[in-house]
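Here's a quick look at some salt bridges and cavities in the model below.

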Amino acid sequence: MSERMFNLDAVKIDQQLFYRIPTKYLEEHGVIPIAELEGGVIQLAVADPDNIEVLDEIERILNASLQIETAPAEKIHAAIERSRSGDAQSVEKVIVDLTEDDIKIIGNIRKDQDGVDVANEAPIIKLVNLIIWNALQSRASDIHIEPFDNELKVRYRVDGELYDSPSPPGNLHAAIVSRIKIMSDLDISERRTTQDGRIQVKLGKKEIDIRVAIIPTVWGESVVMRLLDKSGLMLDLTDLGFERDELDRFNELIRASHGVMLVTGPTGSGKTTTLYSALSQLNQPNVKIITIEDPVEYQMVGVNQIHVNPKVGLTFAHGLRSILRQDPDIVMVGEIRDVETAEVAVQASLTGHLVFSTLHTNDAPSAITRLIDMGVEPYLITSTVIGVLAQRLVRVLCPHCKQQYETDAEEYIERLMLPEHAKPKGKQTYYRAVGCEKCRDTGFAGRTSLYETMVMTESIKRLTLQRAAAYELKKQAIADGMTTLQHAGWKKALAGVTTIEEVLSVSEEAA
């Protein structure tokens, strides 16, 4: 180890390396990565070169050998502050070479638009690539690029929560948006209306689909990019978070010869993943599957997929009618939005097809009342709907830092409205989120699903014909064996998968 004092003022910190370690960790231990040297060795400045435990931990985080430089603690903290704030006297601190991880765009980029030269300059290309690359490294599902009065914000949504990320200077906003538009094959001269596009990129061996949505705001165009990693799509139902009994019930429903199977929940609750996983189980050479979606999020081999296009009259209802002339066995409708689509789906079921679709309702029983409110006759619902699956996503506790504690959790149990037979007696063991370098100080790593499955039993059908309220349907469904979202979440909290607060935050609206 070097005993000399390293001059941190004279070097530029590699931003890509800097953001691979949580800032809180760097500050707490007085360390900062400086640069990658020959042979993949990382140059690291430390205030205490004898703290072997910290050095070993950083080696594991960076997966590299270290060259240790000793620097005063105050100089290290000053360098951390400069790096965190961006210190954007030059764009070089944000724009870095991505070497073998560079992002390659699949498809041709148009070069016939005005203003394309600036957006195709190497620094802007690298900057946009870096924003995407960092999002993928952070396991982000969305990138938000938002202009404000005096700044440009870049934020990533990770496990359902938005986090700030290092942002480029505000004067690069127009060039960044133009570059994204060029990649999406959109009109870079149009800034007054919304635009939607798609980018396909390759990162190493990974192919990523990116859905782009651009809207004009007071301070300029705001961009949201949804990242769809084909390789990351879980198509095995056993990996999604089903309890054993729940999975058996769902598997039985999706293997029916005909009927309507509904999946409900708010936007971003994982409905599409569940439907794709179900279709993956049923996708066999002797089965014809056709889907109509808005948009088609993932391509599936052996499945005919249609993208709705209202501009040319290809709506869900119109497309579904055409699909039925294609002799399918299974049909998936991205969403039932109106009575026309609902009635066509019902008719498809009555003619011997298995139909999957989604609805935006808070819980499974509410799907029945929603269909009735739309104008679907109760007798048609009881003749066709075979089951409803409601779901939510909850964050999974980081296994490296979650902390065990005991409590009777009376207040929580009351708010979860557990059935009498499930209410615990006395103290129970739960877990809380703490935060460490493995989970970037969030306390969570990934998400899992909570499910409630309502089967259309004879008693539920009888209540449907009577146009019973959703709470009556729910009461009967629980009596028939349905596990509510709250009950499913409580089980996961008890098993140490998530926190009871996380369960309450996503499931109380379904009470």
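## Salt bridges

Aspartate 294 and arginine 337 pair up through their side chains in a salt bridge at 3.2 Å, N to O (a side-chain nitrogen of Lys or Arg within 4 Å of a carboxyl oxygen of Asp or Glu). This pair ties together distant parts of the chain, 43 residues apart: aspartate 294 sits in the loop between strand 12 (289-293) and strand 13 (304-307), and arginine 337 in the loop between strand 14 (330-333) and helix 11. Helices (H or I, at least four residues) and strands (E, at least two) are DSSP runs, numbered from the N terminus.

Before going on, some ground rules: this is a predicted model, where local features need pLDDT of at least 70 and side-chain atom pairs count only at pLDDT 80 or more, while totals for chains, interfaces and linings use all residues. Residues are numbered from 1 along each chain as its sequence is written, and side-chain values use heavy atoms, with hydrogens and water left out.

Searching the whole structure turns up 17 salt bridges. Here are three of them, including the pair above:

| Pair | N to O distance |
|---|---|
| Aspartate 294 – arginine 337 | 3.2 Å |
| Arginine 249 – glutamate 246 | 3.7 Å |
| Aspartate 363 – lysine 474 | 3.7 Å |

Arginine 249 and glutamate 246 share helix 8 (residues 244-254), 3 residues apart, or about one turn of the helix. Glutamate 246 counts as buried because its relative accessibility is 5%, while arginine 249, at 24%, is partly exposed. The cut-offs are under 20% relative accessible area for buried, over 50% for exposed and partly exposed in between (1.4 Å probe, protein chains only). Aspartate 363 is buried at 6%, and lysine 474 is buried as well at 13%.

## Cavities

Glutamate 246 turns up again in the lining of the largest cavity, alongside residues including Phe242, Tyr451 and Lys492. A cavity here is a set of points on a 1 Å grid over the protein atoms alone where a 1.4 Å probe fits but cannot get out; lining residues have an atom within 4 Å of a point. The largest cavity has a volume of about 50 Å³, and strand 19 gives the largest share of its lining, 3 residues.

What volume does the second largest cavity have? It comes to about 40 Å³. Helix 11 supplies the largest share of that lining, 3 residues.

Technical notes. 1 Å grid on protein atoms, 1.4 Å probe; cavity = no way out; pocket = protein on both sides within 12 Å on 5 of 7 lines; lining within 4 Å. Points joined across faces, edges and corners; volume = space filled by probe spheres on them.
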